[in-house]
Amino acid sequence: QRGSIQDHPDMNVEEDCNRLLKAMEGIGCNDDVVIDILARRSNAQRMIIKRKFDRLFVKNLIDELSSELRGDFKNAVLASLYDHDHYDAICLKKAVTGFKVNTGTITEILSSRTKEQIGRIKDEYQFYFKSDLENDLRKCTKGSYQQLMSYILQGRREELTFHEIEKLER
């Protein structure tokens, strides 16, 4: 699957990092620069920028932007700086912790990912949160919903190919 943002052909990672650092200097942040850079880079290129920024300036780009930005814009920018599986793991962790379980987020992520993607998400979850996603879900859900999510997490659902889905739709 390819996203709607393709690799920027003329990306200069060091220049992008310097522009981001400069955008965060002083009071506030130049949101236009952040948008100009991050909205025009593919996910893979944003990962390169994040790693390069961390090495060049011995500062964590996510931490720096987190302290500069606010609200929905902050959430969108920070989300763009994680690879897909890691971000899904973060969203699932937030969905299963706290006072109210967010079953909408859990359902959205688990029902729309392939077995392979779910396997990677489980690995990311385990690595970053030192906890098992299926166990965490069992603790905060119950009944048929719990069984369905466990079934999906265990990779026990059948996946259809694009051609099989097309055939079924006829």
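Of the 170 residues of the chain, 35% count as buried. Buried means under 20% relative accessible area, exposed means over 50%, and partly exposed lies in between (1.4 Å probe, protein chains only). The model is predicted, so local features need pLDDT of at least 70 and side-chain atom pairs count only at pLDDT 80 or more, while totals for chains, interfaces and linings use all residues. Residues are numbered from 1 along each chain as its sequence is written, and side-chain values use heavy atoms, with hydrogens and water left out.

The chain has eleven helices and zero strands. Helices (H or I, at least four residues) and strands (E, at least two) are DSSP runs, numbered from the N terminus. The C-alpha trace spans about 55 × 40 × 25 Å along its principal axes. Contacts were defined by heavy atoms within 4.5 Å. Among contacts in the chain with a separation of 6 or more, 63% come from residues 24 or more positions apart.

The accessible surface of the chain comes to about 11,000 Å². Carbon and sulfur atoms contribute 50% of this surface. Accessible areas come from the Shrake-Rupley method with a 1.4 Å probe; for residues, only the protein chains shown count as cover. The chain carries 28 positive and 29 negative side chains. The centres of the two sets lie 4 Å apart. Lys and Arg count as positive and Asp and Glu as negative, whereas His and the chain ends are not counted. Each charge is placed at NZ of Lys, CZ of Arg, CG of Asp or CD of Glu.

Four aromatic pairs are present in the structure. One of them joins F53 and F57, with 4.9 Å centre to centre and 65° between the planes, an edge-to-face arrangement. Rings of Phe, Tyr and Trp (its six-membered ring) pair if their centres lie within 6.5 Å; planes under 30 degrees apart count as stacked, over 60 as edge-to-face and the rest as tilted. F53 and F57 both lie in helix α3 (residues 43–57). They are four residues apart, about one turn of the helix. An α-helix has 3.6 residues a turn, so residues three or four places apart point the same way. Both F53 and F57 are buried. The rings of Y82 and Y87 also pair, with centres 6.5 Å apart and planes at 25°, so this pair is stacked. Y82 is buried, at 18% relative accessible area. Y87 is partly exposed, at 31%.

Helix α5 (residues 71–79) has V77, L78 and A79 as its buried residues. The cover over these buried residues includes α2 (31–38), α4 (61–68) and α6 (84–96). H86 is located in helix α6. H86 is buried, with a relative accessible area of 11%. Leaving aside residues up to four places away in sequence, H86 touches E124 and Y128.

R120 belongs to helix α8 (residues 115–129). At 33% relative accessibility, R120 is partly exposed. R120 and A89 are 31 residues apart along the chain, and their C-alpha atoms are separated by 9.1 Å.

Q6 is found in the segment before α1 (13–23). Q6 is partly exposed, at 37% relative accessible area. Q6 touches S42 and Q45, not counting residues up to four places away in sequence. Between Q6 and Q154 lie 33 Å from C-alpha to C-alpha, with the two residues 148 apart along the chain.

Backbone geometry was then examined. Most residues other than glycine have a negative phi, and most peptide bonds are trans. V58 has a positive phi of about 50° although it is not a glycine. V58 is placed in the loop between α3 and α4. V58 counts as exposed, at 74% relative accessibility. K130 likewise has a positive phi of about 50° without being a glycine. K130 is found in the loop between α8 and α9 (133–140). K130 is exposed, with a relative accessible area of 63%. The charged end of K130 sits over the ring of F127, 4.8 Å from the ring centre. For such a placement, NZ of Lys or CZ of Arg is within 6 Å of the ring centre and within 35 degrees of the ring normal.
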